[in-house]
Amino acid sequence: MADVRAQLARLRSRLRYLGAQLLRRKPVTAMAEETGADSGSGQLTRTIGLFQLSMIGIGGVIGTGIFFVLSQAVPMAGPAVVWSFVIAGVVAGLTAVCYAELASAVPVSGSSYSYAYATLGEFAAMVVAACLLLEYGVSTAAVAVGWSQYLNQLLENLFGIQIPQALSAAPDAGGWLNLPAVVLVGLCALLLIRGTSESARVNAAMVVTKLCVLALFIVIGVRGWNSDNLAHFAPYGVSGVYGAAGVIFFTFVGLDAVSTAGEEVKNPRRTMPLAIMIALGTVILVYVCVALVAVAAQPAEKFKDQEAGLAAILQDVVGASWPGTVLAAGAIISIFSVTLVVLYGQTRILFAMSRDGLVPSVFRKVNPRTVTPVRNTVIVAVAVAVLAGLIPIDFLSEMTSIGTLVAFIVVSVGVIVLRRTAPDLPRGFRVPGYPLTPVLSVVGCILIITNLRPITIVAFLVWTIAVLAWYFAWGMKHSELGRAERERASVEDGTP
Amino acid sequence: MSLVLGLPRGERTTAALNLAAQLARSSGEDLVVCAVGPATWPPSLAKVDAEYQEYLDQAIQQSLDAAKATLPPDVSASFVAVRARSTPAGLLEVADQQGASMLVLGSSSAGGTGRVSLGSVADHVLHSAPIPVAMAPRGYRCAPGPGATVRRVTAGYGATGGSEQFAVGAAGLATRFNATLRLASFAVRPGPVLTAGVGLHAEDGVLGEWSRHIERVQRDTLAHLAALPAAPLAMEAVIGYGRDWQESVEDVGWTDGDLLVVGSSAVGPLARVFLGSRASKIVRNSPVPVVVLPRS
């Protein structure tokens, strides 16, 4: 009897130890130390105002998917896809607000991975990391595939040539390899290895470019308005609308860029929610206008498998190729910048994880010559290029969406958890309408996820389990935080 | 061993002479001031250009006389006039004849005051000379009198392949000039990527990791140099940070008596000076005189 009791006690202590490991949080001071280096950049100046923050939001979001998402979303929802945009946008807005609170509770800058690590613990951080790898890596691939469609359209319009189908489509879509997408990822990787930055001015220029291209589509496309196309407004009902919202959701990825800039924002309590609302309002307005013009210009059946959709619609409306050419050129520039930015984000998230000891140290090796993590960039680029070259776009965009949605759920739940476990933690920004906002955010995300294709959900689960298996097998032992704890414990025990 | 100064024309002579005098004073070597004129044509019976040749000889002699007057009195120098098919060729020839240990040049007048800028002669020499080449910033002056020597040699240290040998070369230079040695590495980090959603300080982590690596390499190199038979008087290491090369070079701090040394590119030929792309960025942003070492 005593034996059993002793065993039980041992088991319990072991479980408690495991729980402590899963919930160990990274101290904020450690984060501040490692980002500050001794480069004199540790001290912060709050320099970002409302306008610039809104531009960051708009720049982060617009252009990720609107150029090609309609060909997947309209067949699912019909013209009611307009509502899908609104739903996806509102859910993205709710989560961005939650995200902003979490970010403001951690007074150093980072991605949602770092915020989760500092507030919710290592396990949650790992789940968020799994989602982010999808959000960034897979969306880079998706965006690169969309780029190759517009490149083909531009080549066709300008020179009358096209890259053969075998070299411009994934095997599942009737080709061998999507070569332009692979080339795009390679080019972006080269730029990142050389070292790149995106100043406020560059971002503003990109925002203007993207908005001009989309405005061109709206202004010209509206001349092809045909109310007959809207007659069967919602042929697949509410579930179709939600399903399309799931596909569309990834066009709102990037709104979190607003939250991660929080540390440098002047008067965050007021600026943050305003900027999120301005950015989101602008984006939803533009997206809804684009979608409305598109579904009114051509019947819903024509969207399926339409490549370089917006350019094709314009050409049909005008009956000439020039608007398509202009739009394709604008899209190529916009999508290029987005690919670069997202690929960059991916390498820096892996870099942060590597510094925490959760992925191998190869990801944090910095080339002494270029001062950039070259190996990290190459590995990420190869992985993304393989995805972009071999996997069709509809699957890629759904995988991105589900990754983002789950990351957002963790963040929203995190806000609630943190309010309970650490109510006194100073927060630069608090969610308005607590607890309704985070709850609505979680419900909205779950609603969208359940309407995704089963295969996407299965693939996501497999991926998450794989990442967590990696964590339990490798990351847990190599975690820098764990190592530090063990060292401290051994010092206290007096054993070497 | 001697220093050969390629005498520039006009207002630029003073800066080059100042540097040459400072270097000669520091190392105790002789100074050879060299003016190069265009080569004569093959002699013709008509002697149509005899007067022109005479005029050229006079002009060269005048510039040498002017240099003699400008040169600080405590430095002994010899003055040479040569005729060559091109200025770089003439300079390299004289340097070869004199067994020179270093070639000194002035900046082009196209650059800003206080900066090193390469004219056509310097550009040619910096991609072919077999000996170290020193460049004075435009309008360079050092404190007059016998005290104006090189006090600290700063080696622009890349911590990449071949840099160990470069460090040894720079240490040799410091010993020769009786100066201290400072290893300086420069990090040019671009600003943040605003819309990536990874925070505005993602680059700081990368930079921190880089700094740790560079500091380790610098420490190892300093230990290696300290073991040399002719180690410099004192050694230190610094890292300069900045958004561009100018900020980054300025970040390490410069004073009177400083000299910056950079190495030749690994893609250049062995035992020759060959200014690489990064070295030329450092050179262009240097507020102090620069020496480019050949690849060893």
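A residue is called buried here if 20 or more other C-beta atoms, placed from the backbone, lie within 10 Å of its own, exposed if 12 or fewer do, and partly exposed in between. The model is a predicted one, so to speak of local features takes a pLDDT of at least 70 and side-chain atom pairs count only at pLDDT 80 or more, while totals for chains, interfaces and linings use all residues. Residues are numbered from 1 along each chain as its sequence is written, with chains lettered from A and ligands numbered from 1 in the order in which they are written.

Eight of the 10 residues of α14(A) are buried, so the helix is largely enclosed by the rest of the structure. The buried ones are G309(A), L310(A), A311(A), A312(A), I313(A), L314(A), Q315(A) and V317(A). Their cover includes α4, α7, α10, α13 and α15 of chain A, contact being C-beta atoms, placed from the backbone, within 7 Å.

Axes are lines fitted to C-alpha atoms, for helices over the stretch in contact, with angles from 0 to 180 degrees between N-to-C directions. Among the residues making the contact are G137(A) and A141(A) of α7(A) and V384(A) and L387(A) of α16(A).

As for the interface, 42 residues of chain A are in contact with 30 residues of chain B. On the chain A side, α15(A) gives the largest share, eight residues.

Chain B holds an open sheet of 10 strands, in the order β3-β2-β1-β4-β5-β10-β9-β6-β7-β8, with mixed pairing; strands pair if DSSP finds at least two bridges between them. β3 (77–84) and β8 (235–242) of chain B are the edge strands, each with a single partner, so one side of each lacks a neighbour in the sheet. The twist averages 25° from one strand to the next. Helix α2 (residues 50–70) of chain B packs on the sheet, touching β2(B) and β3(B), at about 155° to β2(B).

Note on methods. Helices (H or I, at least four residues) and strands (E, at least two) are DSSP runs, numbered from the N terminus. Two residues are in contact if their C-beta atoms, placed from the backbone, lie within 7 Å.
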